[in-house]
Each structure stands twice: as structure tokens, then as C-alpha cells.
Amino acid sequence: MENEKTFTQEELDSIIEGRLARERQKYADYEDLRAKASKYDEYQEQSKTELQKEKEKSDALQAKLTELEKEGTVRQVREKVAKDTSVPAELLTGEDEESCKKQAEAILKFAKPKNYPGTRSSAKKITEHHEADDAMREFAHQIFGKGE
């Protein structure tokens with residue numbers, strides 16, 4: 001225990017101050033680095049937000065393009081079926097050729113002229129002229145006008 005060194009409180013304080021000063025000097029730019037790191041994080045967040053906005057725009061445009069392509073294809077199918085069946089394309093609402101053909105057939109079936117029961121066509125096109133009916137015929141012409 002001959003070489004044991006004893007320190008006074010002032011010497012000990014001085015040694016500790018020196019050690020703390022060296023440590024502080026090591027991390028002297030810590031606050032600057034922390035500020036730069038936070039700015040970088042903010043920039044990354046803004047950049048990410050910009051990227052997300054652009055991605056959303058891209059997705060919206062892609063969806064619109066897909067919708068327009070589908071509309072074009074559906075329009076072409078409807079026009080083809082309309083041309084084949086002589087049904088106006090505006091009346092067809094199907095999405096594919098098969099459903100459009102079924103609609104066209106149903107429309108043609110509905111539009112087909114029907115024979116009404118109890119009616120028959122008259123073979124006579126011109127009615128016979130009787131002089132007794134002339135006064136009545138003249139009266140009808142005065143009221144309704146001449147249709148001939």
C-alpha cells in the first residue's frame with residue numbers, strides 16, 4: 001500500500017470534469033445530427049406522401065382506362081349484334097355478345113306484328129257509292145274535312 005495515491009476532493013472533481021469534457025466533446029455535434037435526422041424524417045414523410053398521391057393518381061387513371069376499354073368493347077359487341085339482327089344498338093344493354101343476341105331475339109319477338117282476334121282484312125278497298133248516302137257523306141266531309 002505504499003504506492004496508493006490519495007486524491008483530494010478538488011483533484012477528484014478536476015479528474016471527473018476532464019472526463020466529462022472529453023465525453024461531451026465526443027458528442028458535441030449530437031444536437032446538429034438529431035436536427036438533421038428529424039429534417040430527413042420529415043422529408044421522407046413528405047416524399048412518401050407525394051409518392052402515395054402519384055400512385056393514387058396512377059391507379060385512378062388506370063381504372064378509367066380499363067373502364068373506357070371495356071365500354072369500347074361492349075359498344076363494338078352491341079353494334080355487331082345490332083348489325084346482324086337489325087335491332088338498334090341503343091336498345092341493347094348486354095355486356096357480352098351472347099346476352100346481346102338474347103336481348104335482340106326478345107326485342108324482335110316482342111316487335112313482331114300480332115294478329116288480333118276477331119279481325120280480318122277486308123277484300124274491298126273501295127266502298128260502294130249509294131246516292132242515299134251522299135247527304136251524310138257531305139256532312140261528314142264538312143265536319144272532318146275531305147280525307148281523299
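Two residues are said to be in contact when they have heavy atoms within 4.5 Å of each other.

The structure before you is a predicted model, in which local features need a pLDDT of at least 70 and side-chain atom pairs count only at pLDDT 80 or more, while totals for chains, interfaces and linings use all residues. Residues are numbered from 1 along each chain as its sequence is written, and side-chain values use heavy atoms, with hydrogens and water left out.

Let me turn to confidence. The pLDDT is the predictor's confidence in each residue, on a scale from 0 to 100. For this protein the average is 84, and 85% of the residues score at least 70. Helix H1 (residues 9-26) has the highest confidence, at 91, and helix H4 (residues 134-144) has the lowest, at a mean of 83.

Next, the overall layout. Helices (H or I, at least four residues) and strands (E, at least two) are taken as DSSP runs and numbered from the N terminus. The protein has four helices and zero strands, so in order from the N terminus its elements read α-α-α-α. Of its 148 residues, 7% count as buried. Here buried means under 20% relative accessible area, exposed means over 50%, and partly exposed lies in between, with a 1.4 Å probe and protein chains only. Among contacts between residues at least 6 apart in sequence, 2% join residues at least 24 apart.

I now come to helix H2, which covers residues 30-85. Its 56 residues reach 81 Å from the first C-alpha to the last, close to the 82 Å expected at 1.5 Å a residue. That expected span is 1.5 Å times one less than the number of residues. Which residues of H2 are buried? They are Gly72, Val74, Val77, Val81 and Ala82, and they pack against helix H3 (97-111).

How do H2 and H3 meet? Their axes are 9 Å apart and the angle between them is about 40 degrees. Axes are lines fitted to C-alpha atoms, for helices over the stretch in contact, and angles run from 0 to 180 degrees between N-to-C directions. On the H2 side, Val77, Arg78, Lys80, Val81 and Thr85 meet Glu97, Cys100, Lys101, Ala104 and Leu108 in H3.

A nonpolar core is a set of buried Ala, Val, Leu, Ile, Met, Phe, Trp, Tyr and Cys residues joined through side-chain atoms within 4.5 Å. The largest one here has seven residues: Val77, Val81, Ala82, Val87, Leu92, Cys100 and Ala104. H2 and H3 are the elements that give two or more residues to this core, and H2 supplies the largest share, three residues. As a general point, nonpolar side chains tend to be buried together in soluble globular proteins.

Cysteine 100, found in helix H3, is buried, with a relative accessible area of 0%. Leaving aside neighbours within four places in sequence, cysteine 100 is in contact with Val77, Arg78, Val81, Leu92 and Gly94. The C-alpha atoms of cysteine 100 and valine 77 are separated by 7.9 Å, although the two are 23 residues apart along the chain.

Arginine 78 lies in helix H2 and is partly exposed, at a relative accessible area of 21%. With the neighbours within four places again set aside, its contacts are Ala89, Leu92, Thr93, Gly94, Glu95 and Cys100. Arginine 78 and alanine 89 are 11 residues apart in sequence, and 5.6 Å apart from C-alpha to C-alpha.

Finally, where is serine 86 found? It is in the loop between H2 and H3, and at 64% relative accessibility it counts as exposed. Most residues other than glycine have a negative phi. Serine 86, although not a glycine, has a positive phi of about 65 degrees.
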